[in-house]
Every structure is written in structure tokens, then in C-alpha cells.
Amino acid sequence: MQTTVKGKQMFLAGKWEDRGTVIKVFNPEDGRLITTVPKASAEDAVFAVEMAKRGADTAANMPVHERMAVLEKTAAYVANHRDAFIQTIVAESSKTIREARGEVERCIQTLRLSQEEARRITGETIPFDQMPGHDNRIGYYYRFPIGVIAAITPFNDPLNLVAHKIGPAIAAGNAIIVKPASLTPLSALMLAEAFEAAGLPKNVLTVLTGSGQEVGDTLVSHPAVRMVSFTGGLETGEAIARKAGLKKIGMELGSNCPTIVLDDADLSHAVDACVSGAFSTAGQNCIGVQRIYVQSSVCRTFEDNFIKKVQTLKTGLKYLEEMDMGPLINENEARRVEAWVNEAVDKGAEVLIGGKREGAFYMPTVLKNVPAGCRIAHEEIFGPVVLLYEAADLDDAIEKANHVDYGLQAGIFTNQIDAAMTAAQRLNVGGVMINDSSDYRIDSMPFGGVKGSGLGREGVKFAIQDMTEPKVVQFNLKP
Ligand code: NAP
């Protein structure tokens with residue numbers, strides 16, 4: 001018997017719309033079809049931009065208190081419907097119920113931060129008379145909205161990463177078109193429902209479901225789009241940067257984050273934080289711990305305790321409260337992770353625990369002695385695999401930690417202030433977490449990377465900077 005599934009509509013310039021062709025959305029755990037979403041076309045993307053041009057005028061003319069009210073109401077809507085949001089995240093993504101709950105709370109915070117920051121988009125007065133010949137002038141600059149923003153988002157935080165684009169865009173008075181990941185479009189559509197219910201004027205927000213290749217491409221290259229705000233993989237980011245032309249680009253890309261453990265550290269805390277950092281969201285986390293450098297004298301103890309802790313992790317059905325880890329986003333991804341681990345093992349790496357796959361599930365895996373030439377040693381695994389390395393001292397650990405093409409965040413466990421400060425200065429990343437793993441973040445801090453990890457910063461206030469431009473106003477008092 002064939003069961004029919006009621007399809008979802010997309011939110012195009014204030015209207016909910018169907019299309020003849022659809023994208024199927026599956027539950028990664030069992031491959032069950034959850035629903036479908038419309039497969040928007042390139043023409044839909046062009047139409048969305050045309051409508052967003054009108055939306056940009058509307059948004060720019062909304063007084064700040066109205067933008068704040070919409071953001072406040074949206075946050076309240078998400079809070080009042082939190083169970084539905086949690087269920088949606090668990091269904092479409094690979095998050096466990098506890099992880100989904102955490103993401104919904106963060107989304108509410110991101111929206112509230114956006115509301116708060118809206119009132120702080122300010123400028124400065126400019127002392128023009130600092131230059132001889134410029135007396136009798138006064139003036140200032142203020143920040144004005146950039147216009148139409150295209151936001152493209154990945155699958156791993158399907159709600160909060162979308163909120164990190166829409167919240168700041170609306171706070172700043174822009175119109176925004178979101179193209180969510182085709183694997184996880186449902187949370188983004190629910191967030192559009194929340195903004196609609198909160199009274200966001202028509203045309204200010206579109207959530208266009210469709211393929212990155214087709215819809216994404218059209219949005220990225222459209223001249224009326226003034227900024228592309230992208231979160232996703234390095235390869236896609238580079239392709240977008242090549243096509244974008246003369247517009248701003250914000251790039252939140254991947255990483256293979258390092259964490260250093262020195263011999264004076266609180267090892268028990270370091271173990272707990274590194275296990276959580278490596279395996280939350282089944283390792284599908286841009287700041288997840290991928291490489292751990294442990295000082296030689298404590299390496300054995302750290303390794304033993306780390307493995308003991310990993311043995312306690314429960315991997316299985318996402319809806320069960322006791323589960324620590326769910327599946328990967330699909331079986332193909334689990335197979336890719338398996339292939340990368342197998343390559344490392346063939347080249348001499350040792351599997352301390354894990355290394356097994358069942359369908360879309362890949363068991364928490366710890367590798368040791370991974371040779372430098374393996375893919376997993378320098379690329380982003382984006383799965384539940386962590387690499388343990390011995391480091392002679394801090395210098396050795398920093399050098400190895402920096403020896404990759406990524407630089408998002410890093411962690412260091414130590415109680416020596418000079419070691420902590422040296423690491424903070426010399427680790428080539430966007431954020432150094434002392435006595436926390438690389439996997440530490442709050443939604444208001446500047447967040448982003450260097451090298452292959454991206455350009456620009458998110459974290460509401462910083463995204464708003466990128467989504468606005470300064471305009472100078474000068475008065476010549478004695479013309
Ligand atoms: P992805 O494959 O790069 O896809 C991300 C988005 O880009 C999707 O919406 C995708 O659409 C779209 N896309 C694909 N090809 C495109 C093109 N040619 N033009 C425009 N858009 C295109 O990334 P993912 O696998 O979803 O996510 C994992 C990656 O995101 C990891 O590398 C992770 O580290 C990174 N990430 C970074 C951060 C951060 O803040 N730094 C946060 C989370 C994740 P389709 O789905 O339709 O293909």
C-alpha cells in the first residue's frame with residue numbers, strides 16, 4: 001500500500017506556494033519520507049529577488065520599534081510552539097531530542113538578541129575640523145541597511161543558523177531570501193510561519209526551497225542581491241565566491257578544529273569537554289573537536305579516560321531521551337565517513353574504539369597515530385570521529401594545530417596563564433577557548449574563521465555590521 005504524504009509549501013514573498021515538482025524530505029534515522037517541499041525554479045528565484053527589492057524599501061522604512069516588536073513576537077511564537085519546532089528538528093535532521101531542545105532555546109535567544117541589537121545600530125559624530133581648511137563643518141555617519149540579502153544555510157543546525165541570518169537582517173532593516181539545505185528545509189519554513197504570525201510585512205522574507213545548484217546559483221549571481229550570507233562547506237563557499245560578483249559575501253565555512261591538553265590541566269574536565277565536543281550532533285558540527293593534541297606526560301592517562309567516557313555514549317533512536325548520539329544526515333554521509341576512516345587505517349592509523357557503521361549510523365570513533373597524508377588528518381570529517389595525537393610541548397601542539405587549511409576555533413586546557421595567552425596569540429583561528437574545547441559558543445559572540453573557515457563574522461551584532469553600510473552626512477555651516 002502506498003501512503004501519501006501531505007506536502008509543505010514554501011514562503012515566497014508573503015505567500016505560501018506549491019510547485020509541480022518537489023523535493024522529498026526524509027528522516028535520516030530510517031529513511032522514512034516525512035514530507036515534500038516545492039522545488040523552486042530559477043524563475044522563482046528571480047521573482048523572489050524582484051519582490052525582495054520592494055521588501056527592502058518596506059523594511060528600511062520600518063521604524064526600529066516596529067522591527068523590534070516583530071522580532072519579539074517571533075521569539076515568543078517559537079517559545080510558545082517549542083515542542084513543534086523540537087519535533088521538526090528531530091524528524092528532519094540527525095539531532096537527538098536533547099540536542100533539538102538546545103537548538104530551539106538558542107534560536108529564541110538569537111531572535112531576542114536581534115531584537116535588542118536593533119536599537120544599537122548607531123553611528124558617530126565626525127570632527128571634520130581636525131583637518132586644516134575644514135573648519136565650520138559638523139557631521140556624522142549612521143549605518144543604513146544594505147538592501148536585499150540572499151542567505152544559504154546548511155543541514156546541521158536547521159533552525160538556529162537560519163535565525164542567525166534572518167534575525168540580524170530584519171534588525172538592520174533589510175529584506176532577506178533564505179535558501180535552506182534541501183535535506184532539512186522544514187525548520188526554516190516553520191520559522192517563516194513564526195515571522196508571518198508576528199506581522200512581518202510582505203516581501204521582507206522569502207524562504208525558497210530548491211536546489212543549491214539552481215536556486216542558489218541564481219540568487220548568488222543576481223545583481224540586485226547586495227550580500228550573500230553563506231554557511232556551509234568550503235567547496236560550495238568557494239564556488240559561491242567565484243560567482244557572486246560585486247557584492248558583499250559572508251562565509252561561515254567548515255573546519256577540523258584542534259584542542260590542546262597540557263599536563264597541568266584538569267584532565268577529567270578536559271576529557272568530558274572533548275568527548276562532548278567531538279560527538280555532539282554526531283560530529284556534524286563546524287566547531288566540533290576533530291584533532292586533540294595531548295602533552296606526552298599525560299597522553300596515556302588522557303587516552304584511557306577518554307575511551308572510558310566514549311564507551312558510555314549511547315547511540316541510537318533520536319527520540320529517546322537517553323540517547324547521546326543519533327545517525328548522520330544520511331547513509332551516504334555515513335559511508336563517506338567510513339571510507340575516510342578505512343583509508344587512515346589502511347595507511348597505519350589505530351582504531352581505539354568505534355570504526356563501525358550500521359546504515360546511517362556511525363559509531364563514536366577514536367583514532368590514534370593517523371599518518372599526515374590521510375584525508376582525515378587535514379580535511380573536515382564532519383562525522384563522529386576524533387584523532388588523538390601526542391605533543392611534546394605547547395610549541396609542538398600549536399604548530400601541529402595550525403598546520404591545516406582551516407581556522408575556525410580551537411580549545412586549550414591548561415592552568416598556566418602564560419601557556420593560555422601564548423595559545424590565544426598563536427593559534428591561527430577565529431576563537432580560542434581556554435579550559436573549554438573548540439566546541440564552545442554563545443550566540444552573541446563574534447563567530448567565524450580564518451583561512452578556509454571563512455570571511456566575516458556572525459553573532460548577531462557582528463552580522464548586523466556586515467548587513468549595513470556607513471553613510472556620512474556633512475554640514476558646511478559657512479558655505
Ligand atoms: P553544503 O553542501 O556546502 O550546502 C550548504 C548550502 O549550500 C545548502 O543549502 C546547499 O543547497 C547550498 N548549495 C549547494 N551548492 C550550491 C551552489 N552551487 N550555489 C549556491 N548554494 C549551493 O554544506 P552542508 O553539507 O549542508 O553543511 C555542512 C558544512 O557546513 C560543513 O562544512 C560545516 O562545517 C559547515 N558549517 C559551518 C558553520 C559555521 O558557522 N562556520 C556552521 C554550520 C555548518 P542544497 O542543500 O540544495 O544542495
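Modeller: Let's start with the second largest pocket: its lining residues split into 10 nonpolar, 11 polar and 12 charged. Keep in mind that this model is predicted.

Biologist: Which residues sit closest to the centre of that second largest pocket?

Modeller: Of its 33 lining residues, Glu99, Ser280, Thr281, Asn285 and Asp439 are the closest to the centre. The space there comes to about 760 Å³.

Biologist: Which element gives the most to the lining of the second largest pocket?

Modeller: That's α9, with six residues. Helix α9 spans 267-279, and α4 (97-118) and α5 (160-171) also supply at least two residues each.

Biologist: And which domains does this lining draw on?

Modeller: Domain 1 (10-253 + 454-472) and domain 2 (258-443) each contribute at least three residues.

Biologist: OK, now the largest pocket. How much space lies in it?

Modeller: About 1,300 Å³. It has 41 lining residues, and those closest to its centre are Phe230, Gly232, Gly233, Glu235 and Thr236.

Biologist: Which elements give two or more residues to that lining?

Modeller: You'll find α7 (212-221), β10 (225-231), α8 (234-244) and α11 (331-346) there. The largest share, seven residues, comes from α8.

Biologist: How do the lining residues of the largest pocket divide into nonpolar, polar and charged?

Modeller: Here the count is 17 nonpolar, 13 polar and 11 charged.

Biologist: Last one: which domains supply the lining of the largest pocket?

Modeller: Domain 1 (10-253 + 454-472) and domain 2 (258-443) each give at least three residues to the lining of the largest pocket.

Notes:
Residues numbered from 1 in each chain as written. Predicted model: local features only at pLDDT ≥ 70, side-chain atom pairs only at ≥ 80, totals over all residues. Heavy atoms only, no water. 1 Å grid on protein atoms, 1.4 Å probe; cavity = no way out; pocket = protein on both sides within 12 Å on 5 of 7 lines; lining within 4 Å. Points joined across faces, edges and corners; volume = space filled by probe spheres on them. Helix = DSSP H or I, 4+ residues; strand = E, 2+ residues; numbered from the N terminus. Nonpolar A, V, L, I, M, F, W, Y, C, P; charged D, E, K, R; others polar. Domains from an automatic or database assignment.
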